[in-house]
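Welcome! Here is a friendly briefing to read alongside the structure, with a few stops along the way.

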Amino acid sequence: MAFYRAHILVDTGTAAVLKGANALRTALVDEIKRKGLDKEIKVVETGALGLAGAVPAIVVYPEGVTYANVTVDDVAEIVEEHLLKGRQVSRLVYKGDTPSVIKSAENCRSAEMRVVLKNIGVIDPTSIDEYIAMGGYEATAKALTTMSPQEVIAEIKASGLTGRGGAGFPTGLKWDFTAKADGDQKYIICNADEGEPGNFKDRLIMEGDPHQIIEGMIIAAYAVGAQKGYIYIRGEYQQSVANTERALDVAREMGLLGSDIMGSGLSFDIEVFKGAGAYICGEETALLASLEGQRGESRMKPPFPPTHGLFGMPTVINNVETLANVPHIIVNGADWYSNIGTQKSKGTKIFSPCGDVQYPGVYEVPFGSTLREVIFGMAGGIKSGKKFKAVLMGGPSGVLVGEEALDRSLCSEDLNPGAGALIVLDETKCVVDLIKNCAQFFAHESCGQCTPCREGTKRMVEFFNWWTAGAGSEQDLKLLDQLATTMALTSKCGLGQFAGVAFKSSIPLFEEEYLAHLVDKRCPAGICEMDKVEEEVRV
Amino acid sequence: MKSCNSDCCVPCEADIVAIVDKCGRTECNLIPILHELQRSFGYISDEAMETVAAELGITVSQVHGTATFYTLLYTRPQGKNIIKICDSPPCHLQGSKAIQAAITKALGIEPGETTLDGNFTFEVVSCMGLCGVAPAIMVNDDVYGNLTAEAIPEILDKYAACSCCCGEGC
Amino acid sequence: MDNINVSIDGIQVSIPKGSTVLDAARAAGIYIPTLCHMDGHKPLGACRVCLVEIEGGRGALQASCSFPAADGMVVRTNSRRVHNARKAVVELMLSAHRQDCNACNRTLNCELQDIAKRLGIRENRFEGEMPPRIMDTSSPSIVRDSSKCILCRRCVEVCQNVQTVGTLFAVDRGFDTVIAPTAKKELTEAVCVACGQCVLACPVGALYEKSHIDRVWEAIDDPDKHVIVQTAPAVRVAIGEEFGLPAGSRVTKKMVAGLRRIGFDKVFDTDFTADLTILEEGTEFLGRLKNNGTLPMLTSCSPGWINFIEYFYPELLPNLSTCKSPQQMFGALAKTYYAEKMGVKPEDIYSVSIMPCTAKKLEAGREEMSVVNGLHDVDAVLTTREAAQMMREAGVDFVNLPDEPFDEPLGIATGAAVIFGATGGVMEAALRTVYEVVTGETLENVNFEAVRGLEGVKEAVVKIGDIEAKVAVASGLSNARKLMDLIMEGKADYHFIEIMCCPGGCLGGGGQPIPTNDEVRKARMEAIYAEDEGLPIRKSHENPAIRTLYEEFLGEPNSHKAHQLLHTHYTPKALWPTDVPLDEVKTK
Ligand code: SF4
Ligand code: SF4
Ligand code: SF4
Ligand code: SF4
Ligand code: FES
């Protein structure tokens, strides 16, 4: 790596690009060249910095100063003042009591702890050199050359790492099942079909630091004896596909993928598989069906994928964030990792607060942080000075919690964080409207294979349509509760089983709001139309 | 199916076979093949599915059933530009309905419809992972976030069909 | 094999390792409702009516049809929790189901109706919008009514994997999911061989045969029409099931009596022309052997199979015997030989057949199946189920009917003809005749066991004089496909192959009583061979009525007249795109 006295990171995440980040980058490069600084200062594109509310944004290192809402017109000033004269352009500095998310692990706010996200915004995701300079592929080298596969599994087990996709199954145990299963061919699959509304953390990792995932997969392959890997990325994430594919190409060129990796005897390669638009493919057996070229319909469990997975062979399926944790555990050791977090939830968790917060974005905190810390500390609290009302934990398949939960800690012992989405509602929002929207989501995404989910998600939407049109009755609440219970008990896969959870969790908290709709035919928030009479809607 | 040698945009059997060969001749490559067909021809026609089925040795109904399962795959021609609006909770809470209404007003079509001139198809989709910039839409591969209803006409203008004489919508 | 012990509702059972919880419950004599499950097929776990509670399991209930039983497992199938859950699932199913049981062709023999009754469903808590109804009446054989479909996908499994035709598949997703022919076309626009195996698989009234009942009543009511009926070999061992008799009840003579009660003027037997088929086909086979004709010769009496080969192996059409099926031979003779003999004008004869088959309806409607003035040789085809329905409509007390014989002369037949109803039967009948014709010796043992049984593909080598005839028999189109692929690859050195479209042969045909499963097939098969044993004459060439027919009318087997009336030709069909004119179809 050539030596530069300063790096400028330009956020070229989706949000930034649409606000002119590309033009900004070009202007910066030109200006730096014009001033003759191009040997000293390097302009680097990064994925989204997690600063969606304030883009285009840049960060100048080594100071780590973030400038927000930068335009092409500001470029000359920044170059002149900051880069030549060393004076920060204070009017553009991202400041206030909002936490800066653009900080590397060492100097981030006490509450935020960047392990998986440590390189995001720091390195150029297209450069494997920068990744390596930050300690990348050290874990691979360590695992493949100094550890036995059993030791790797033992290390992961000891770390307490659990799946980050929402289910929280112990990763080491999963690997162990696959390692011990018979099969001529074994597979490692990275589940990057991030479809749960409100989640966009995997996207950030893939766009900002894809090598981490590749490394995690190589180590997993070594541990279980797999020959082939797939990264199943949802079709909507074009940038993620591009960045990941580019990273794979480079890794392959450098011999990090292919045969006899690092002389360890491990032969392993990875392919990106682009999803085609189906939330259900985030369910692991549906994902397998999709990978096999079929309708993404979930399959019977047991048998489970670790022993009977892709093409019936033993298969490890891990979420992006889970795999991204692996290299850090290998390098720093299980002890270091298991010291982070709580008794049962080890390590860090990435959250993506969105909705009515001031700074929607992606934040990594140790398990056990409180909901308040993330929503108010990092995401800046409720925007436009409104009051907090509730938060949907993990997305539509999660539970709704209110004010009383703000000081609960985010971990499996207390408030389960799900995949990490935090969909925040301010006081002006209608809970019935939100849950209706969740129901619509599930009805749209149900694979349609099993009866309770196919018909149940549809009926659920119908109930809500009646209610928000003013055609509900008090007794409906009980019926829908029974329906939700049925779906939870009888559906074939998680989609149907969880489709009614948000509704159920919302009743005790907001029963009055439901009753206002059902009995008084009135939407307290004034959002639902409530303008039809019973006969028109319910036939 | 006849094959043609002109530069027409209708998939010829040879083109389809080439795509199958590129992606690999096994059932598990069905989805990559369908993606690729759509990229080349805009949608996946019945004829293309028939050829793919024959090449992969699976039934046409299976190919069709698979294609219709996924929302990103189209088995019918679509407008030149596809507008996708997310109406999952994060966008919904930030007012996606108003954006949807603005698009309908600007184009005169409801979600699921295509404009008469074939320039736009408009659809409501599930979360696209743009929750950080909700409400968001995508027009083809371009993302527009933090939208207001007022911003819609300007955005759509960029994709308007040209009114010059060529009739090609250049 | 290792056994495991499972406790079901407190009953201990010992079952082989690898069994499901459903298997365990059945072993314990406990009924668990199922809908998407089909014995012998991979479980899908879609309908969710077979739920049970597994002790120590996580909250959700488990689908017993697919949940593996494990040693020491404690299962409850009858708790309130299980009952309520099943009930709610069925209510949900019914919420999207057009429940007009009284107008439904499966009423009283409907798995859904039965389960709803057992669960005590009286009202539905979850009523709502129904999916749009698709009524597809385009096919001459099969009717599809999506409003009855519960998406169990049993038809898909059968159509894709048992028959490998691949017509039916799930389309779209979620609440919009429908089971439909390729690309949501109508059945006639898609490739469907009309076998009706999907009908047998369907637990409800979503798939059924195109009914000919009304037109037959009309003909019977018409005083100017001479209405005759022929009954296929496999019908007589199955129709009793429609009236509550056990599978495999031999009710040939009650059936004849029942048909007379309905009002048919003459009740004949397709077996007569089955014997005729043996003479024509046997002669054709020997001719091919002698003159280096196209071999292996393939039998041609199964119309679903004819459709299949026309679609999928058009290049093998020259291998097909040119003989019409017994149904069509009968039809041709009815309007010629019989008409002449009776002095009735062919147009006044209304010829009905009772068939175990849905494809026969399509066959009877084929253009080439007309020997007199563009009249259909067979005017109406009733499935076994429809024939029983007509008897019910006529108030026939089937079980207590007296035994009555067929009418003559077209009712005289041999045991060789009866076994046409079972897979391997045509082959066996042919061998009985060919052996004696070629060698001039009398067969000691007429039973060719090697070609009997329910296996999909059977092979045998039979010494006939100095010929070592290598024969094969397949039933079910996936098995037919295996043999055809071998021929295409040049790896088949058979002389003669019998193919039946439906698994087990006609006794398992798509027009047979429901249920038709392996157990039922076996019982019917035993009955067929028992019928054969019970007949005085068991070789087709010894049928006196056939001899008379040749003497009086046809001359000799494969004569010019025989060719005109009893043989046919085939047309390659376009697999895709189906709208291309047939003459443009290229053969591989
Ligand atoms: S629960 Fe829903 S998504 Fe899962 S199998 Fe059933 S219908 Fe499909
Ligand atoms: S399919 Fe069964 S339940 Fe449905 S209407 Fe027919 S008889 Fe009744
Ligand atoms: S009749 Fe036979 S070929 Fe046609 S749809 Fe049914 S099973 Fe398939
Ligand atoms: S048509 Fe019948 S067999 Fe096929 S899915 Fe529907 S209910 Fe099941
Ligand atoms: S019979 Fe078990 S789920 Fe249908």
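A residue counts as buried when its relative accessible area is under 20%, as exposed when that area is over 50%, and as partly exposed in between. By that rule C:Ser478, with a relative accessible area of 18%, is buried. Please keep in mind that this is a predicted model. For the complex, the predictor gives an ipTM of 0.94 and a pTM of 0.91.

**How confident is the predictor?**

- Chain C has an average pLDDT of 95, and 98% of the residues score at least 70.
- Residues 578-588 of chain C are a stretch to treat with care: pLDDT stays under 50 there, and the model has 15 contacts for this stretch beyond four places in sequence.
- Chain B has a mean pLDDT of 89, with 88% of its residues at 70 or more.
- Within chain B, helix 4 (residues 60-67) has the highest confidence, at 97, while strand 5 (residues 142-144) has the lowest, at a mean of 87.
- Residues 1-7 of chain B have a pLDDT below 50, and this stretch has seven contacts in the model beyond near neighbours in sequence.
- Where pLDDT is low, the predicted coordinates should not be read in detail.

**Chain B as a whole**

- Chain B contains seven helices and five strands.
- Along the sequence, these elements of chain B follow the pattern α-α-α-α-β-α-α-β-β-β-β-α.
- Of the 170 residues in chain B, 58% are buried.
- Chain B exposes about 7200 Å², and carbon and sulfur atoms supply 51% of that area.
- Taking contacts in chain B between residues at least 6 apart in sequence, 56% join residues at least 24 apart.

**Two helices that meet in chain A**

- Helix 7 (residues 171-180) and helix 9 (residues 210-224) of chain A have axes that come within 8 Å and cross at roughly 45 degrees.
- That angle makes helix 7 of chain A oblique to helix 9 of chain A.
- From helix 7 of chain A, the contact is made by A:Trp175, A:Thr178 and A:Ala179. Helix 9 of chain A contributes A:Gly216, A:Ile219, A:Ala220, A:Ala223 and A:Val224.
- Sorted by class, this contact between helix 7 and helix 9 of chain A has six nonpolar residues, two polar residues and no charged ones.

- C:Ser478 sits in helix 15 (residues 477-488) of chain C. Not counting residues up to four places away in sequence, C:Ser478 touches C:Asn161, C:Val162, C:Gln163 and C:Thr164.
- B:Asp142 belongs to strand 5 of chain B and is partly exposed, with a relative accessible area of 35%. Leaving aside neighbours within four places in sequence, B:Asp142 is in contact with B:Ile137 and B:Tyr159. B:Pro90 is 52 residues from B:Asp142 along the chain, and their C-alpha atoms are separated by 19 Å.
- A:Val501 lies in helix 18 (residues 501-518) of chain A and counts as partly exposed, at 22% relative accessibility. Apart from neighbours within four places in sequence, A:Val501 is in contact with A:Ser397, A:Gly398 and A:Val399. A:Val501 and A:Ser397 are 104 residues apart in sequence, yet 6.4 Å apart in space from C-alpha to C-alpha.

**Backbone details**

- The peptide bond from A:Pro302 to A:Pro303 is cis, with omega near 0 degrees. A:Pro303 is in the loop between helix 11 (284-291) and strand 9 (315-319) of chain A.
- In chain C, a cis peptide bond joins C:Ile514 and C:Pro515, with an omega of about 10 degrees. C:Pro515 is in the loop between strand 18 (496-500) and helix 16 (518-534) of chain C.
- A:Tyr137 is not a glycine, but it has a positive phi of about 65 degrees. A:Tyr137 is placed in the loop between helix 4 (128-133) and helix 5 (138-146) of chain A, and counts as buried at 4% relative accessibility.
- C:Ala183 is not a glycine either, and its phi is positive, at about 55 degrees. The loop between strand 9 (178-181) and helix 5 (197-201) of chain C holds C:Ala183, which counts as buried at 12% relative accessibility.

Note on methods: Residues are numbered from 1 along each chain as its sequence is written. Chains are lettered from A and ligands numbered from 1 in the order in which they are written. This is a predicted model: local features need pLDDT of at least 70, side-chain atom pairs count only at pLDDT 80 or more; totals for chains, interfaces and linings use all residues. Side-chain values use heavy atoms; hydrogens and water are left out. Axes are lines fitted to C-alpha atoms, for helices over the stretch in contact, and angles run from 0 to 180 degrees between N-to-C directions. Helices (H or I, at least four residues) and strands (E, at least two) are DSSP runs, numbered from the N terminus. Angles under 35 degrees count as roughly parallel, over 145 as roughly antiparallel, 65 to 115 as roughly perpendicular and the rest as oblique. Contact means heavy atoms within 4.5 Å. Ala, Val, Leu, Ile, Met, Phe, Trp, Tyr, Cys and Pro count as nonpolar, Asp, Glu, Lys and Arg as charged, and the others, Gly among them, as polar. Buried means under 20% relative accessible area, exposed over 50%, partly exposed in between (1.4 Å probe, protein chains only). Accessible areas come from the Shrake-Rupley method with a 1.4 Å probe; for residues, only the protein chains shown count as cover. pLDDT is the predictor's confidence in each residue, from 0 to 100.
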